[in-house]
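Let's take a tour of a protein model together. Have a look at the picture first, then read on.

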Amino acid sequence: MAAAATHASSLSFLLSRPHSSSPHQLRLRRPADHRVRCATDASAAAAAPAKHRRAADENIREEAARHPAPNNDFSAWYEPFPPGAPGGDNPDERYSLDEIVYRSSSGGLLDVRHDMEALARFPGSYWRDLFDSRIGRTTWPYGSGVWSKKEFVLPEIDPEHIVSLFEGNSNLFWAERLGRDHLGGMKDLWVKHCGISHTGSFKDLGMTVLVSQVNRLRRAPLSRPIAGVGCASTGDTSAALSAYCAAAGIPAIVFLPANRISLEQLIQPIANGATVLSLDTDFDGCMRLIREVTAELPIYLANSLNSLRLEGQKTAAIEILQQFDWEVPDWIIVPGGNLGNIYAFYKGFEMCRVLGLVDRLPRLVCAQAANANPLYRYYKSGWTEFQPQVAEPTFASAIQIGDPVSVDRAVVALKATNGIVAEATEEELMNAMSLADRTGMFACPHTGVALAALFKLREQRVIGPNDRTVVVSTAHGLKFSQSKIDYHDRKIEDMACKYANPPVSVKADFGAVMDVLKTRLKGKL
C-alpha cells in the first residue's frame, strides 16, 4: 500500500493549486450550548425580482436551453488513481470522460480530476453563493442536489443530456433526543438522511451522474453503441440504476446475489423494467461476472469501479456544509462496504477546502459490520497488508462485501483526515438502529452500523459531547422492514433484542385495555 500512502500528498498537490487570494469572511459557529434556531429574512424575499412563468407549451428543459449557462472553460477527465502509481507506462496518462474506460493502463483504478485552476479563478464566496442560490429550485437541472453543483461534477455535459429525478437536497435531521438521552448529552448530533431520495438510498446521487454520461455517449454526435448499462448489486445500486435507466429509456441489467437482499430492494429493479439476474453467489461473485460480461458485450459498467458515480456522491458532503451555513462539522461517520462513499465524502470536503469555500476538513469515520470488516482489520493492522475475506451474512446487507473495490480510495480519505475505522456486531447494529427508532428515526441497519460506531467512540471519549457530529444514513428504513419485524418479534437467533417493542394482544374489552395501559404507563398517570 505504499502507493496509497503517498496518494494523500499527491491528491493534496493536485487539489491545492493556487486559487484566488480574495479574502472571504469566515463564519462563526454558534456556542456549543446553544440550540438550533430558525430565522427568516422577509425583507430579502420581498426584494427579490418577480419572474414570469415560462410559456405553457414549454417544458423546463426547453426553458433551460433558451438560457444557457456561460461557458467558463471548466473541464474534467480521468486520471490513474493514485497519481504516479507504479506500473504505469505513461506518467501523463489521462482519458476523456467520453471514453469508455474503467481501469488505467496498469490495471489500477481511475479517478475524475477537475481543472482546479479554472475553478479557482472564482473565490470561495462565489461558489457558496451560487450553490446556495440553486437550492430547491425547479430550474433545470439545478433543482437537483447533485446538479446544483454541476461545475464541480460534470462541467462539460449539456443539460439536455442530464437524467435527473431531482435527487439530493436530503434532510439533515437534528437527533436531539438520541444525543441528549443516550449519548451523554450531545447537543450537536445530526443524521444526514441520504436515503430520503427517489429510490430510497444515497446511490441516486451517483447514478444520476453515470446515467447522464451514458445518455450523452449514446446521443449524437458521439453516438456510441452502448446497448445497456449493467451492475452487480447488494440491492440499492440496482434500484438506482434501474430507475434512472427507465427515465432515460436505456436498458438496465442487474446481477443480484440470490436470497441476500430484501424483497423491497428486489422489487425496485423488477418494477422499473430491468433485466434482473438472480445468481447463486455473493456480491463479490456477481462483481466478477459483470466485469467479464461488460468486457465482451457493449454494456456500460455502473459499479463503483466506475469513478463517475463518486462525483455525484461527493455532493452530499457539500450539502452538509450548506446546511451548516458553510461551517465544517467535527466528525462524519459513514457506513462502509465497497468503500467508494467514504472517499466521495472526503473528495467533496477537500474540493471545497482547496477552492476556499471552507478552511478545514472534518475527521472521517468508516463504520463496518463485524461480519464484513476487511477495512477494519486492515486499519487495526496499522495499514500493513490488506486481506480480502468472504463476507458473512449481516443485517446490513448492502455492505456485506469482503473484497471492496475502493479500499485504496478509503485509505487515502482516512489518512488525509486522521480518520478512524470502527466495527459493529450484529447485535450492536440492530440495537443501535432500534434505539434510534425510539427517538423518532426509522433507520436502516447500515445506519445502525454507523450509530453503533458512534456509541463506541463516545464511550471511549474519542468524540466529545460538544463535537458537531454527522452520521450518514445511506438508505431508507422501509427497505429493510423484515429485519425490523424479526427484531421486534424477537425472532433473531442468539440476540436479546434489547429494545424490542412487539404489539400487545388484548381482548376488545374496556377492562382488559385499561389493565394493559395502566401497566404500560405505570408511574406516569
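## The largest pocket

Which residues lie nearest the centre of the largest pocket? They are His67, Pro68, Ala69, Trp140 and Tyr142, out of a lining of 36 residues. Keep in mind that you're looking at a predicted model.

The volume of this pocket comes to about 1,100 Å³. The largest share belongs to α3, with 5 residues.

## A lysine with a label

Now find Lys203, which sits in helix α8 (residues 203–218). An unreviewed UniProt entry annotates Lys203 as "modified residue: N6-(pyridoxal phosphate)lysine".

Is Lys203 buried or exposed? Its relative accessible area is 11%, and the cut-off for buried is under 20%, so Lys203 counts as buried. Leaving aside residues up to four places away in sequence, Lys203 touches Asp236, Thr237, Ala240 and Arg309.

Next up is an open sheet of 3 strands, in the order β2-β1-β3, with antiparallel pairing. Strands β2 (95–96) and β3 (109–114) are at the edges: each has a single partner strand, so one side of each has no neighbour in the sheet.

Strand β1 (residues 76–81) pairs with β3 over 6 bridges, in the antiparallel sense.

How values were computed:
Residues numbered from 1 in each chain as written. Predicted model: local features only at pLDDT ≥ 70, side-chain atom pairs only at ≥ 80, totals over all residues. Heavy atoms only, no water. UniProt positions renumbered as here; feature names shortened; annotations may be inferred. Helix = DSSP H or I, 4+ residues; strand = E, 2+ residues; numbered from the N terminus. Buried < 20%, exposed > 50% of the residue type's maximum accessible area, 1.4 Å probe, protein only. Contact = heavy atoms within 4.5 Å. Pairing = 2+ DSSP bridges. 1 Å grid on protein atoms, 1.4 Å probe; cavity = no way out; pocket = protein on both sides within 12 Å on 5 of 7 lines; lining within 4 Å. Points joined across faces, edges and corners; volume = space filled by probe spheres on them.
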